[in-house]
Amino acid sequence: MQAAFKRENRPLIEANIEALPATILKYAAPCIEKKQFNKFHQVTNWQGHALHPCYLHVMSFPLHLMLMLQKKFPFSLLGLVHIGNEITQYRPIYADEMCVFSCYFRDIKPHSKGIVFSIITEIRISGELCWSSDSANLYRSAAYTHAQGNTGKTQKRSVTNNKVHTGLDSQHDSLPQRGRDARQTWKLDSDLGRRYARASGDYNPIHLAKLSAQLFGFKQAIAHGMWSKSRCISALEQLTPEPFKKGFTTHVQFIKPILLPNNVCFSASLNENLAVEKIRADAHHVKFSLDSEKGNTPHLNGELIAI
């Protein structure tokens with residue numbers, strides 16, 4: 001929280017493709033504390049024997065913060081919104097393995113609501129790439145858009161507003177009724193944000209209490225986006241464990257925040273027959289979503305594909 005306010009008054013600057021620092025941060029985790037990952041597994045209902053794939057994202061978060069606190073990073077942390085996350089896990093990872101983390105920026109591009117950039121994280125064990133993630137972040141600003149005819153820069157807005165459909169602009173594609181194999185309703189208590197904060201280290205005030213969330217424009221505290229993804233992944237591991245024994249890619253798009261307390265509905269369609277050329281006919285493919293209990297408010301869309 002202090003880090004966010006530290007950068008609050010930093011002025012916006014003209015951003016271009018080369019604007020983000022080229023720094024690569026690395027960290028070798030000597031051990032993974034059992035008490036800490038047990039907290040995470042409990043709050044996300046993880047039943048697997050290996051580490052939760054999203055816990056590795058949590059472990060990399062301090063590196064993400066260090067990247068964004070560099071003087072050459074052009075945006076205030078308070079203006080950032082996490083709009084999407086993709087994780088590829090090539091094999092299960094266990095707590096007694098020594099993980100080497102690498103984090104760096106990639107892909108700054110325009111968005112109808114500002115600018116989107118990615119933070120890439122890679123984890124290697126004994127030199128082997130075992131896990132990677134791409135976290136898409138939106139800096140909300142009406143001042144920036146992609147000028148027509150300019151292939152290299154993201155500039156301040158002129159008359160033309162070119163939209164890049166990422167995250168908040170995308171339509172919600174609900175799962176088809178045909179082939180839907182799983183549906184669960186989850187009751188989320190008002191203290192969920194605080195419990196996840198203790199497990200993850202993410203103490204953003206919008207997640208902690210109604211009063212602190214109201215300071216940032218929310219009526220109530222909202223659930224962490226990565227809690228939502230983590231809880232969905234836990235449900236999928238229980239429904240279809242095979243991909244988690246080998247390798248998979250999972251991507252989610254965060255749509256609308258979950259106000260706390262609340263009830264939400266998780267839906268998953270297993271091995272849906274999709275006409276996607278890049279997916280093998282025999283590939284294990286799951287589409288899933290998280291919506292309000294009544295189904296009229298989408299919170300998250302995602303998919304998981306075995307590799």
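This note sets out numbered points on a predicted model of a protein chain.

1. Basis. The model is predicted, so local features are given only at pLDDT of at least 70 and side-chain atom pairs only at pLDDT 80 or more, while totals for chains, interfaces and linings use all residues. Residues are numbered from 1 along each chain as its sequence is written, and side-chain values use heavy atoms, with hydrogens and water left out.

2. Overall composition. The chain comes to 7 helices and 13 strands; these are DSSP runs (helices H or I, at least four residues; strands E, at least two), numbered from the N terminus. Of its 307 residues, 51% count as buried. Buried means under 20% relative accessible area, exposed over 50%, and partly exposed in between (1.4 Å probe, protein chains only). Among contacts (heavy atoms within 4.5 Å) between residues at least 6 apart in sequence, 72% join residues at least 24 apart. The chain exposes about 15500 Å², of which carbon and sulfur atoms supply 50%; accessible areas come from the Shrake-Rupley method with a 1.4 Å probe, and for residues only the protein chains shown count as cover.

3. Salt bridges around Arg91. The count of salt bridges comes to 7, a salt bridge being a side-chain nitrogen of Lys or Arg within 4 Å of a carboxyl oxygen of Asp or Glu. Arg91 and Glu97 meet in one of them at 2.9 Å, N to O. Arg91 is partly exposed at 21% relative accessibility, whereas Glu97 is buried at 18%. Glu128 also meets Arg91 in a salt bridge, at 4.0 Å, N to O. This pair links distant parts of the chain, with Glu128 in strand S6 (residues 128-140) and Arg91 in the loop between strand S3 (80-89) and strand S4 (99-111), 37 residues apart. Glu128 is partly exposed, with a relative accessible area of 42%.

4. Glu122 forms a salt bridge with Arg124, the closest N and O atoms being 2.9 Å apart. Glu122 counts as buried at 16% relative accessibility, and Arg124 as partly exposed at 31%. Salt bridges that share partners join Arg91, Glu97 and Glu128 into one network.

5. Backbone geometry. The peptide bond from Leu260 to Pro261 is cis, with omega near -5 degrees; Pro261 is found in the loop between strand S10 (248-254) and strand S11 (262-270). Asp107, in strand S4, is not a glycine but has a positive phi of about 60 degrees. Asp107 is partly exposed at 39% relative accessibility. Ser126, likewise not a glycine, has a positive phi of about 55 degrees. Ser126 is found in the loop between strand S5 (114-125) and S6 and is exposed at 80% relative accessibility.

6. Nonpolar surface patch. Leu78, Leu215 and Phe216 make a nonpolar surface patch of about 280 Å². Patches are made of residues with over 30% relative accessible area and no salt bridge, with like charges joined within 9 Å and nonpolar side chains (Val, Leu, Ile, Met, Phe, Trp, Tyr) within 5 Å. Phe216 lies in the loop between helix H5 (210-214) and helix H6 (225-239) and is partly exposed at 32% relative accessible area.
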